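Please open the structure in your viewer and keep the selection panel at hand. The stops below tell you what to select next and what to look for there.

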Amino acid sequence: MVLMHTLISACLRGVPPEVEAIAREEDLASHAAARAVARGRIVIPANPVRPHRLCAIGEGCRVRVNVNVGTSGARCDEDLEIEKAGAALREGADALMDLSTGGDLVRIRRRILALDTTVGTVPVYEAVRRAGSAADVDADLLFKVIREHCRQGVDFLTLHCGVNRDALASLQADPRTMGVVSRGGAFHVAMMAATGEENPLYAEYDYLLEILAEHDVVVSLGDGMRPGALVDAGRLAKSTEYLTLGHLAKRALAAGVQRMIEGPGHIPADQIGYNVRMIKELTDGAPLYLLGPLVTDVAPGYDHVVGAIGGAIACMNGADFLCMVSPAEHLALPDVRDIVEGTRVARIAAHVGSLSRAAAHTKNREIRMAEARRALDWEKQFEAALAPDEARRIHERDGDLETCSMCGDLCAVKMVRDILPAPDERMER
């Protein structure tokens, strides 16, 4: 197959500027980073029509965090969504997804694309809104919307290509309590049920790849059959989709299209490692993008914590990209405070995952914090903190103290540091 001028094809010839930039940021050798992009182990979602701050996802890179924003039919406030997007970026989000389903979708997307960050979308949402219902979406409309998103500058698209008739048959043969919880997955199930035909994204996958290659847009192969409850974690549909995504990932790479894989939904903590490693093996190490995974279903209001627990475990087993879960998950459209809290907690999970990758800059942050705590240097502690403003607020609420107000003059660190010299001091002696 003759590859179009995509980032993958450029990496087969040398080291393009985008890869040089991310190699410096991630402390990677530039030629090694280019090889990883060419092999599909790293993706750099960067639509050529829209310059913005780059974000590398995958092998050898820090774990990245995406934050979902967007209107709904029940609550449509464009300005609020832009405020939420700005809050997420200030809290350190690496990417945004516009999941809007209410209001002027093109205008909302244009405003989010004006931000200096990587942006993703789910085109089938807009196709359903235009058609009026999922059952009325046809291939022509769906591919038209995909092209429009690419032309407008979207960097990565979640496309549920693996929700095909085989996956639907598996779902019917091995029913689940929660059925299908992926909104995009449900749309494609409804389309297939209404027409009796195959999902057009699967049936016309080569045509889809031509569109994506033309615009050099990353495909995020959606997990439309992810389990939506722990009781469904071992059902057949999820594994059927995994196998399909493995084949589709290989075809995308052969066409010069960068791709990520999404998964694996609500699963018990002890099954996370197995599922992550299976997806990685089936897709030849493609970057893995996770919502959660959520490791219990009984903590509404704290699902951001549940997702962070699952996300940290997943990243220790090879996952690369975490989608923020907010405290409002399963309950309501998140507000600004939900976005802030969810982003902070997701970044903690990503940092824990990055520590397992031996990333020097991540471990150096831990060293800086340890040294600052030994010295009781609060300013340096705040500088090393993932949420410095919150750390400062809590420390200062009891006044300007040398130690924290929990220990006060009984501070163990202060008591012992003059007795036991720091490791570097022992070496000097």
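The model is a predicted one, in which local features need pLDDT of at least 70 and side-chain atom pairs count only at pLDDT 80 or more, while totals for chains, interfaces and linings use all residues. Residues are numbered from 1 along each chain as its sequence is written, and side-chain values use heavy atoms, with hydrogens and water left out.

**First stop: the barrel**

Select the strands β3-β4-β5-β6-β7-β8-β9-β10, eight in number, which close into a barrel in that order with parallel pairing. From one strand to the next the twist averages 25°, where axes are lines fitted to C-alpha atoms, for helices over the stretch in contact, and angles run from 0 to 180 degrees between N-to-C directions.

Move on to β8 and β9, which pair in the parallel sense over three bridges, and find Gly263 opposite Leu290 in β9. Helix α12 (residues 236-254) packs on the sheet and touches β7 and β8, and its direction makes about 165° with that of β8.

Select Arg226, in the loop between β7 and α12, which is buried with a relative accessible area of 17%. Leaving aside neighbours within four places in sequence, Arg226 is in contact (heavy atoms within 4.5 Å) with several residues, including Arg176, Glu241, Pro264 and Leu291. Arg226 and Pro264 are 38 residues apart in sequence, yet their C-alpha atoms are 5.5 Å apart in space.

Pro264 belongs to the loop between β8 (259-263) and α13, and a cis peptide bond with omega of about -15° joins Gly263 to Pro264. A further cis peptide bond, with omega of about 0°, joins Gly292 and Pro293, and Pro293 is found in the loop between β9 (288-291) and α14.

Most residues other than glycine have a negative phi, and most peptide bonds are trans. Select Asp216, where phi is near 50°, in the loop between α11 (205-215) and β7 (218-221); at 12% relative accessibility, Asp216 counts as buried. Then select His330, where phi is near 70°, in the loop between β10 (321-323) and α15 (336-355); His330 is exposed, with a relative accessible area of 52%.

**Last stop: a pair of helices**

Finish with helix α13 (residues 269-282) and helix α14 (residues 303-316), whose axes come within 9 Å and cross at roughly 40°. The two helices are therefore oblique to each other, given that angles under 35 degrees count as roughly parallel, over 145 as roughly antiparallel, 65 to 115 as roughly perpendicular and the rest as oblique. To see where they touch, select Ala269, Ile272 and Val276 in α13, which meet Gly310, Ile313 and Ala314 in α14.

Technical notes: Helices (H or I, at least four residues) and strands (E, at least two) are DSSP runs, numbered from the N terminus. Buried means under 20% relative accessible area, exposed over 50%, partly exposed in between (1.4 Å probe, protein chains only). Two strands pair if DSSP finds at least two bridges between them.
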